[in-house]
Amino acid sequence: MVDNRSTFNLTEQPWIPVRTGGTVRRIGLRELFEKAHEIEDLAVPIPPAAAALWRVLYAITAQITGLNTALNSSDPDVDGWMAARNAVLERGALSAELVAEHFTSNRSKFYLFHADRPWMQEPRLIEECLVASGVNKLVAGRPAGNNQVWFGHFSDVEPQPIPAGEAVLHLLVQLYYGPAGKCTARRIAGHAESNSTKGVLRSTTSFHPIGANLFESLVAGVPGPPANADASIDRCGWEQPLLDPLGPPPEPTWPGGLLTGRSRHAVLLVPDATGTLVTDAYLTWAWRAPSVEARDPYLVYDTSREGRAYPRPASSDRAVWRDLDSLLLRASVDSGAAPRRPALFDGLARLPSEVRDRLRLAAYGFDQDGQTRDRQWFSASIPPVLRHLEEHDPITAIHIGELRRAAEAVGRRLQHCLGDAWRDVTSAASREKDRGGPWPVRAAQHYWPSAEREFWSRLRTGDVDADPWVFQQLAHRAIDAALSPTDEADLRIARAVDLARRRLSRVLTKETR
């Protein structure tokens, strides 16, 4: 008798949303790679799932194309690897024979509900966890813990199963963006622990290249080898043997281990009898020992005052254009945070110019705290800007950074001046209750969208010389929009706002000279 639960294989079952000719449909891994040159883009509706899925697809791309073994151990620099990557791009499509060979020989590794080695899961949890975590804990967006209700009301009293294909996307979200702190207890060697450390991408924004078709996006997105890389021992997350959870985690080998094998969480999906729905799940810690630190190649890293590099936190209040100079410049020397662009962009700078100049960028962010609270996920598309990478157009790249900093300086000063004005006209009790008042928030809602439009308009026309007076004008209009007609009729408020305008202009001029 065939167990239907073992028939959901990710190479064939339709679970990946893709877009072709304006139509979105779901396909399996094998079809995705066979027809990558015909597919426009992924169409994953959950941004953190998209960021995680891209990493899985890059790792498989490297295996199919041989880029995971193209590093010549006798030649430690990456010139040879870059040439091999560009040679793959020139072919325009993946070899159908190589795709078929890869998924035929590795088919057994892609069973979602395999009894001994389910894909990217820990089969031992069914015996080691004291209780299941529930399907609501698995599905991103459903209420769990102290999180807000986002898209619907769900209760553990009547848990609603989800299709297996959708469950894969939520599995990826948990593996990469999982929470820190209290989790389902897991007992090892007679001792139970019930806390975990945060996922490797928690509260981050990833940047990915998007080409003319999915093939181009996949090959361009494979990260180049880091220094001292050794591809001979590389394993993806689904290829790693089951290790002792109390021992050291596997080291992040390049590229598969780095992209898919660093999860701090262990997950096991529980299917129904048909193998088409997921009815429950186990979510708990994967390792007690800390992992070897490794920089993700798709994140911007800032530097703390102590000199420690850390991923720039995602913020739903901050549009991605404000990160653009951190993507184009190799390293900014005039910022206290000393940002370092994603390592992938070093390789993008060495693409053939006709490919590099047409690449768009996709940003996928998940605004979370460091523990359990999820605020908002978001995605954004950045038009082709890689011709301005520092290696090819350093003057424009620097001017883009100056333009962004001018907008930031005006925005900060706008907040301070309006906050001071609010405090000048309110009572001590009001100031205690709301120190900044409503004006800075209202003004920011008008200022930042108009500043973004100005930024992109200048970039399109090539007029990127920093001119703070333009943003100053936008800030004054934002002040007008932040005040109500009642506010403007009050003499005290009129005086305070007039003072704010003069301080805004005076301090702005001084800051941006």
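The model is predicted, so local features need pLDDT of at least 70 and side-chain atom pairs count only at pLDDT 80 or more, while totals for chains, interfaces and linings use all residues. Residues are numbered from 1 along each chain as its sequence is written, and side-chain values use heavy atoms, with hydrogens and water left out.

The chain contains 18 helices and 13 strands. Helices (H or I, at least four residues) and strands (E, at least two) are DSSP runs, numbered from the N terminus. Along the principal axes, the C-alpha atoms fill a box of roughly 85 × 55 × 45 Å.

Of the 513 residues, 52% count as buried. Buried means under 20% relative accessible area, exposed means over 50%, and partly exposed lies in between (1.4 Å probe, protein chains only). The accessible surface comes to about 23100 Å², and carbon and sulfur atoms account for 50% of that surface. Accessible areas come from the Shrake-Rupley method with a 1.4 Å probe; for residues, only the protein chains shown count as cover. Contacts (heavy atoms within 4.5 Å) were also sorted by sequence separation. Among those between residues at least 6 apart in sequence, 70% join residues at least 24 apart.

The chain carries 61 positive and 63 negative side chains. The centres of the two sets lie 6 Å apart. Lys and Arg count as positive and Asp and Glu as negative; His and the chain ends are not counted. The place of a charge is NZ of Lys, CZ of Arg, CG of Asp or CD of Glu.

Backbone exceptions come next. Most residues other than glycine have a negative phi, and most peptide bonds are trans. The peptide bond from W254 to P255 is cis, with omega near -10°. P255 lies in the loop between α8 (214–221) and α9 (256–260). M120 has a positive phi, near 60°. This residue sits in the loop between α4 (96–105) and α5 (125–128). M120 is buried, at 11% relative accessible area. A189 also has a positive phi, near 50°. A189 belongs to the loop between β5 (181–188) and β6 (191–196). A189 is exposed, with a relative accessible area of 76%.

The largest nonpolar core has 137 residues. Helix α2 (residues 47–65) supplies the largest share of this core, 13 residues. A second, separate core has seven residues, including L125, A266, A286 and W287. A nonpolar core is a set of buried Ala, Val, Leu, Ile, Met, Phe, Trp, Tyr and Cys residues joined through side-chain atoms within 4.5 Å. In the largest core, F33 and Y447 have the most contacts inside it. Leaving out residues up to four places away in sequence, Y447 touches A407, V410, G411, L414, F471, L474, A475 and A478.

H446 is placed in helix α15 (residues 439–461). H446 is partly exposed, with a relative accessible area of 40%. Beyond four places in sequence, H446 touches A478 and A481. H446 and Q13 are 433 residues apart in sequence and 46 Å apart in space, C-alpha to C-alpha.

Two prolines were also examined. P48 lies in helix α2. P48 counts as buried, at 0% relative accessibility. Beyond four places in sequence, P48 touches V173, Y177, F366 and W377. P384 is found in the loop between β13 (374–382) and α13 (394–425). P384 counts as partly exposed, at 30% relative accessibility. Beyond four places in sequence, P384 touches D357, R358, L359 and R360.

A289 lies in the loop between β9 (277–285) and β10 (301–303). A289 and G247 are 42 residues apart in sequence and 6.7 Å apart in space, C-alpha to C-alpha. Not counting residues up to four places away in sequence, A289 touches G247, P248, P249 and R264.
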